[in-house]
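Visitor: I would like to go through this structure with you, one question after another. Please state the criteria behind each term as we come to it.

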Amino acid sequence: MDRTFKTQRLTTSAVMLALSVTLAAVCALIPFLNLPFGGSFTIASMLPVVIVSYMYGIKWGFFTSITYSVLQMLMDLMLGTSSSVIMAMFIPSSDGYMGSLAGVFIILIDYFIAYSVLGIGGIFRKRVKNPALALCLGSVLALSLRFIAHIVSGTIFYGAWAEWFFSQEGFYKIGGFILEHFSGFSLSLIYSVFYNGLFMIPEIIITAVAAVIVSRIPYISKTESEKI
């Protein structure tokens, strides 16, 4: 691998990371885009990280996505969008105290795993000939894996909010039906799917559409990954 390519790959990755962090930060500062217990709508903020994997291969994609997971956590802490939730796990006097071990696992699943899986976004680069379809499928897969990570975390650590959540106005008969027929683990799982689906499903759709659009950019669609 020549030095020019290495420099180009590093520069492009840095720009894409900056773009992802900027998009996420802007959306985090818009109150109505943020859910009360974590999670927020963003305007395809994860797509730049997926594009890096698409352009330079999964190995480099995972390196980039792991870096992004750290940046995302630091950004959330600085902006205060999730600091109250995370810090509550470590403060015994807090009403939201779950214990330090639970806090560690929440950070591990909701940040390191949830964002690191974005590195798989380039998996269809050499498997699907159509660039738009390849990037779209990769984006959907990557974000779906993130969705699953949040579902796991929500089911294990936030299931206690399920009854309150489904008893709120807006669920009408479906909330009552769920509370009547489900309990325990199954109720926690359904709650986690519903809650995380509120922001992840729109995010997946928006990112998939954006992926099709940006796949037409020559700089993205050319096969740089073959050099690795």
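**Surface, helices and rings**

Guide: The accessible surface of the protein chain comes to about 11700 Å², and 71% of that surface belongs to carbon and sulfur atoms; such areas come from the Shrake-Rupley method with a 1.4 Å probe, and for residues only the protein chains shown count as cover. This is a predicted model, in which local features need pLDDT of at least 70 and side-chain atom pairs count only at pLDDT 80 or more, while totals for chains, interfaces and linings use all residues. Residues are numbered from 1 along each chain as its sequence is written, and side-chain values use heavy atoms, with hydrogens and water left out.

Visitor: How many helices and how many strands does the protein chain have?

Guide: Helices (H or I, at least four residues) and strands (E, at least two) are taken as DSSP runs, numbered from the N terminus. Read along the sequence, the pattern is α-α-α-α-α-α-α-α-α-α. The protein chain therefore has, under the DSSP definition, 10 helices and zero strands.

Visitor: What percentage of the 228 residues of the protein chain count as buried?

Guide: A residue is buried under 20% relative accessible area, exposed over 50%, and partly exposed in between, with a 1.4 Å probe and protein chains only. On that scale, cysteine 27 at 2% relative accessibility counts as buried, whereas valine 212 at 29% counts as partly exposed. For the 228 residues of the protein chain, the buried share is 48%.

Visitor: Against which helices do the buried residues of H1 pack?

Guide: Helix H1 (residues 3-28) has 26 residues and reaches 37 Å from its first C-alpha to its last, close to the 38 Å expected at 1.5 Å a residue, where the expected span is 1.5 Å times one less than the number of residues. Its buried residues include Phe5, Arg9, Met16, Leu17 and Cys27. With contact taken as heavy atoms within 4.5 Å, the buried residues of H1 pack against H2, helix H3 (58-79) and helix H10 (218-221).

Visitor: Which residues is serine 53 in contact with, leaving aside its neighbours within four places in sequence?

Guide: Serine 53 is found in helix H2 (residues 47-56), and serine 53 is buried, with a relative accessible area of 0%. Leaving aside neighbours within four places in sequence, serine 53 is in contact with Ile58, Gly61, Leu118, Gly119, Ile120, Gly121 and Gly122.

Visitor: How many aromatic pairs does the structure hold?

Guide: Rings of Phe, Tyr and Trp (its six-membered ring) pair if their centres lie within 6.5 Å, and planes under 30 degrees apart count as stacked, over 60 as edge-to-face and the rest as tilted. By this criterion, the structure holds 10 aromatic pairs.

Visitor: Is the pair of phenylalanine 5 and tyrosine 56 stacked or edge-to-face?

Guide: The rings of phenylalanine 5 and tyrosine 56 have their centres 5.8 Å apart and their planes at 65°, so the pair is edge-to-face. This pair links distant parts of the chain, since phenylalanine 5 lies in helix H1 and tyrosine 56 in helix H2, 51 residues apart. Phenylalanine 5 is buried at 3% relative accessible area, and tyrosine 56 is buried at 1%, in a pair that is edge-to-face.

Visitor: Which residues form one aromatic cluster?

Guide: Tyrosine 191 and tyrosine 195 both lie in helix H9, four residues apart, about one turn of the helix, and both are buried. One aromatic cluster is formed by Phe165, Phe166, Tyr191, Phe194 and Tyr195.
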